[in-house]
Amino acid sequence: EEMEKQAVDGARRAFNSGRSRPLQYRKQQLSALLRLIRERQAEIVSALKRDISRSEFDTPIFELIGIENDIKLAERNLADWMAPQPVKKTLLTITDDVYIKAEPLGVVLIIGAWNYPWSLTLRPLVGAIAAGNAAVVKPSEVSKSSASLLKELLPQYLDTEMYPVVTGGVPETQELLKQRFDHIFYTGNSTVGKLVMEAAARHLAPVTLELGGKSPCYIDKDCDIAVACRRITWGKFANCGQTCIAPDYILCHPNIQHRVIEEIRQTLLEFYGEDPKTSPDYGRIINQHHFDRLLALIEGCTVAVGGESDKSQCYITPTILKDVLPHARIMQEEIFGPVLPIVTAGDVNEVIRFINERPKPLALYVFSSNKKVVRRMLNETTSGGVLVNDVMVHYTINALPFGGVGNSGVGRYHGKHTFDQLSHHRACLIKSLAMERLNMARYPPMTPSRLRTSMFFLRSRSGSCDQALRAWAVVSSLLALALLISLLVVLLRVSAHAGLGSVLL
Ligand code: NAD
């Protein structure tokens, strides 16, 4: 208990010292984090090998490059992100400074999950540092080699008081959650997500919840099924299916189910050979608890491909289930493993209904060459992210916000979105004490004429202030012109009287 409290108190003290605010400090911490990723890559890769039998090639591609790109983006743009962002002026603020300023929130708690333990803790941390916050990092106890390596490495590179690492399981996380934070950034399942939000509510702390759920994958009959199946196979079986945005299940027309199965079978052979158990590219289930959970999910379903397992190694072959019924157990919860059920559906209407009847997914995948089908799927469904004709790669595009909607999460991150998520966007209006006469209309004692004047200034006008000014300019020049003409007329009349203008008029 003491340890968790000490870490939070230390981070709070460090934040209150103000040293995390200057641009220079933030950039220095970010580049130190980049050095950690680069210098310690071999150790990180082997920790993941121990945790989850991840291939040495997958860790750089699936985890480290994302962290690196976020750091480099922040380093390049941080000065701009931190600068005041001027907003449009109105008649009321024409002589004022009006801007939005991103400010640090304070102390952020980052709770990570085990499936990508580096990316899920360090990408939020990049944003926390960039935004000038302190952060307490709590990696998942489930991927224990990664957790202890993170605890060992982070203090060697970063300000230890500002960014402490707390390891441990449920009791330690619960202890942390009793403390006051200025933001809680949680990645993991939705059940614990609700507990985190409850704990945050006690301190009115804002949350980011990166949750999971079932991400559907629709294969239209009008599409290159071979290419679709290669992309889906890659996304589903990478990290042994333990990816939050892995396609959870396939929806397709009964007429193409057989082809889909055969294409995936072929691709699996191409990727992992005759015996995936001996392939260095094929991983393992994180632990026996999840291994048992997955086998229970397969029970009672029709296996089309795979279905073998070895408990001593937490190994399950890439498995495809066919003709799965919507009420089967495997369709009730997120699979999070190398098991791919196929549910058949008649037409696009039925597919859309199927998706919309279920909780809002984190990702939705649509494979189709038919523009009308694609448009309908985009317009008539919702999800955290949607990809047409590919899976998972939206995760690598840090210009896109990453996050869920409804049951799949709250908030978004990656790239500048993390900076925004972990900043307070402060409204700033800087006026002078001059021109007090203009304010008289808002002060009592009120009169109808003061009200009219106030309303004139307060009423929002379509178009910008510039347009209003231009309109004013046009009106006043017209008035001036009219004045000039009438003056001229008067002048001519006068001169006519004098007997000189008779020639002219
Ligand atoms: P997990 O078991 O590692 O738990 C996540 C964190 O919550 C851990 O740090 C753990 O200590 C803490 N925790 C667990 N139980 C707790 C409790 N009762 N009280 C307080 N803290 C507790 O990870 P998990 O939940 O098995 O992760 C898998 C889930 O996460 C899947 O649903 C997956 O889809 C989702 N996920 C989402 C994303 C995303 O970016 N949206 C990424 C990865 C995983």
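Let's start with the neighbours. The ligand has 27 residues around it, and those that come nearest are Ser140, Glu141, Asn189, Leu211 and Glu334. Please keep in mind that this is a predicted model.

Sorted by class, this shell is made up of 14 nonpolar residues, nine polar ones and four charged ones.

In Ser140, a polar side-chain atom lies 2.5 Å from a ligand oxygen. For Lys138, the distance between an N or O atom of the side chain and an oxygen atom of the ligand is 3.0 Å.

Leu211 takes part through its backbone: one of its polar backbone atoms is 2.8 Å from a nitrogen atom of the ligand. As for how covered the ligand is, the protein buries 92% of the 850 Å² that the ligand exposes when taken alone.

## Where the ligand sits

Which pocket holds the ligand? The ligand sits in the largest one.

Both domain 1 (2–211 + 415–426) and domain 2 (216–401) contribute to the shell, with at least three residues from each. Among the secondary-structure elements, helix 7 (170–178), strand 5 (183–187) and helix 8 (190–202) each provide at least two shell residues. Which helix gives the most to the shell? That is helix 7, with three residues.

## Putting it together

Conventions:
Residues are numbered from 1 along each chain as its sequence is written. This is a predicted model: local features need pLDDT of at least 70, side-chain atom pairs count only at pLDDT 80 or more; totals for chains, interfaces and linings use all residues. Side-chain values use heavy atoms; hydrogens and water are left out. A residue is near a molecule or strand if one of its heavy atoms lies within 4 Å of it. A polar contact is a pair of N or O atoms within 3.5 Å; within protein, one must be able to donate a hydrogen and the other to accept it, and residues adjacent in sequence count only if both atoms are side-chain atoms. Accessible areas come from the Shrake-Rupley method with a 1.4 Å probe; for residues, only the protein chains shown count as cover. On a 1 Å grid over the protein atoms alone, a cavity is a set of points where a 1.4 Å probe fits but cannot get out, and a pocket is an open set with protein on both sides within 12 Å along at least five of seven lines; lining residues have an atom within 4 Å of a point. A molecule sits in a cavity or pocket if more than half of its atoms lie within 2 Å of its grid points. Helices (H or I, at least four residues) and strands (E, at least two) are DSSP runs, numbered from the N terminus. Ala, Val, Leu, Ile, Met, Phe, Trp, Tyr, Cys and Pro count as nonpolar, Asp, Glu, Lys and Arg as charged, and the others, Gly among them, as polar. Domain bounds come from an automatic or database domain assignment.
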